[in-house]
Amino acid sequence: MSDNLITKYNIPGPRYTSYPTVPFWKDDTFSTKAWQESVINTYESDKENTAISLYIHLPFCEQLCTFCGCNKRITKNHTVETPYLETVLKEWTLYTNLLNKRPIIRELHIGGGTPTFFSPENLAALINGIFKLATKADKASISFEGHPNNTSFEHLKVLKDLGFNRVSYGVQDYNETVQKAINRIQPFENVKRVTEQARDLGYNSVGHDIIFGLPFQTKEHIINTIEKTKELKPDRIAFYSYAHVPWIKGNGQRGFKDTDLPSPDEKREMYEIGKEALQKAGYIEIGMDHFALSTDSLYQSMKDNTMHRNFMGYSDLKTEIMIGLGVSSISDSWFGFAQNEKKVEEYQKRINNNELAVYRGHILNKEDLIIRKHILNLMCTLQTSWTENETYFKEMPEVLAQLKEMESDQLIKIEKETLTILEKGRPFVRNVCMAFDLHLQRAKPETQLFSMTI
Ligand SMILES: C[S@@+](CC[C@H](N)C(=O)[O-])C[C@H]1O[C@@H](n2cnc3c(N)ncnc32)[C@H](O)[C@@H]1O
Ligand code: SF4
């Protein structure tokens, strides 16, 4: 990858887990009432009774990792578990009360924070409470994020017995200097133990998260981390670019200096080297940031063109409704987005007041829905087309004009009514989406809202 391309295209850009992206949500057209109506409308207009997705955010962690960009609350006090889970179940009741029939859950993901901060018994009570009011779909995808340092055999066993079939573990990097800098000492043996235990118990997909671009990280560290990862052969690997977002308050990223981070060129080299090593080991690159073995359902869904992207990242299926429970969670009714209060106390207060805890959101208009489709196409299949009337929008000529330079750099190919991202252009998929992002184009933000694309 030439340094010129990196210099030219390394700009702040969204990761497009939604369109419009969160900073461009129009709060003035949003209200809790509008959000509720949007959920009800999508749910009731779905005559085939398609299932929904559920995301549950469990924010607590015992120790702060200084690179972390997630919404979390650091505490060693485990008395927070029960009141928090009771609130989540209350919130679930508020949502199911809106629906005119018992929901079918096709996808359930528990993320965090650290879900394995909670005891196995408490997690079982949560899941049983969820399925008291819903039916599990055949072939439902049920997953959680486990921290290798505190996931116990009991966690894995209890959750497997409740129907969990996927788990992903935060690995990040095996090098000790990097681990010290990010305040996360995590020996290989811990990851090995939890990976093997999940396999033995019959989980059909085990994932590892690796990050490139961390403080003090080098290419050798990436190679070494992937070598070790190969020994355990996870089914999926999220190979994330470190998102440096120090302006998000309280995430502790100021625990190291900017000068301790690799340069954009070094970071891009880490990606290239990592990608090559993963491909040599039999992993196939999927959309952005993800790799999977050909036996994993994410790869199958990419091949079948059924892959989807939502706030949880890539998913092997699409549901129109995704309800996010818990502090800071984001929900999607296809025609609207809503985010919950970001502070645990605020979230609990509102739910315990018998109201939904949403505090901001966006109701999509016709233009948003068209652009959303293009961005989803690009992020999931690296291609989009405007052959039909519903996919054409009047700004299309300006969008294509903006992409001319990427075309002459041979990153994309534009034909009569289709755009394809070429292999060389893969690292710049976010840049291509940005040309379609009419909210971003119109606003031209002067302050940095997003992490860098490289
Ligand atoms: C909620 S954590 C995973 C579960 C558990 N808390 C743990 O750390 O093992 C989700 C993943 O997000 C990724 N992540 C967090 N902050 C990030 C950042 N600033 N840049 C890139 N990836 C990040 C990490 O790879 C992490 O494993
Ligand atoms: S990386 Fe995981 S364990 Fe570390 S602070 Fe973030 S959510 Fe908590």
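1. Start with a charge over a ring: Lys101 sits over the face of Tyr43, 4.9 Å from the ring centre. Lys136 does likewise over Phe131, at 5.2 Å from the ring centre. The label applies if NZ of Lys or CZ of Arg is within 6 Å of the ring centre and within 35 degrees of the ring normal.

2. A word on the ground rules. This is a predicted model, where local features need pLDDT of at least 70 and side-chain atom pairs count only at pLDDT 80 or more, while totals for chains, interfaces and linings use all residues. Residues are numbered from 1 along each chain as its sequence is written, chains are lettered from A and ligands numbered from 1 in the order in which they are written, and side-chain values use heavy atoms, with hydrogens and water left out.

3. Now the rings. Searching the whole structure turns up 17 aromatic pairs, meaning Phe, Tyr or Trp rings (for Trp, the six-membered one) with centres within 6.5 Å; planes under 30 degrees apart are stacked, over 60 edge-to-face, and the rest tilted. Phe60 and Tyr84 make an edge-to-face pair, because their planes stand at 80 degrees, with centres 5.5 Å apart. Phe60 is in strand 2 (residues 60-61) and Tyr84 in helix 3 (residues 81-98), so this pair ties together parts 24 residues apart in sequence. Helices (H or I, at least four residues) and strands (E, at least two) are DSSP runs, numbered from the N terminus.

4. Phe117 lies in the loop between strand 4 (104-112) and helix 4 (120-132), so the pair with Phe60 ties together parts 57 residues apart in sequence. Phe60 is buried at 3% relative accessibility, and Phe117 is buried with a relative accessible area of 3%. Buried means under 20% relative accessible area, exposed over 50%, and partly exposed in between (1.4 Å probe, protein chains only). Ring pairs link Phe60, Tyr84, Phe117, Phe118 and Tyr347 into a cluster.

5. On to ligand 1. Of the 21 residues around it, Gly113, Gln172, Arg184, Asp209 and Ala243 come nearest; a residue counts as near if one of its heavy atoms lies within 4 Å. One oxygen atom of ligand 1 is 2.7 Å from a side-chain N or O atom of Arg184.

6. Ligand 2 has a shell of its own: Cys61, Cys65, Phe67, Cys68, Gly113, Thr114, His147 and Arg184 surround it.

Definitions and conventions
A polar contact is a pair of N or O atoms within 3.5 Å; within protein, one must be able to donate a hydrogen and the other to accept it, and residues adjacent in sequence count only if both atoms are side-chain atoms.
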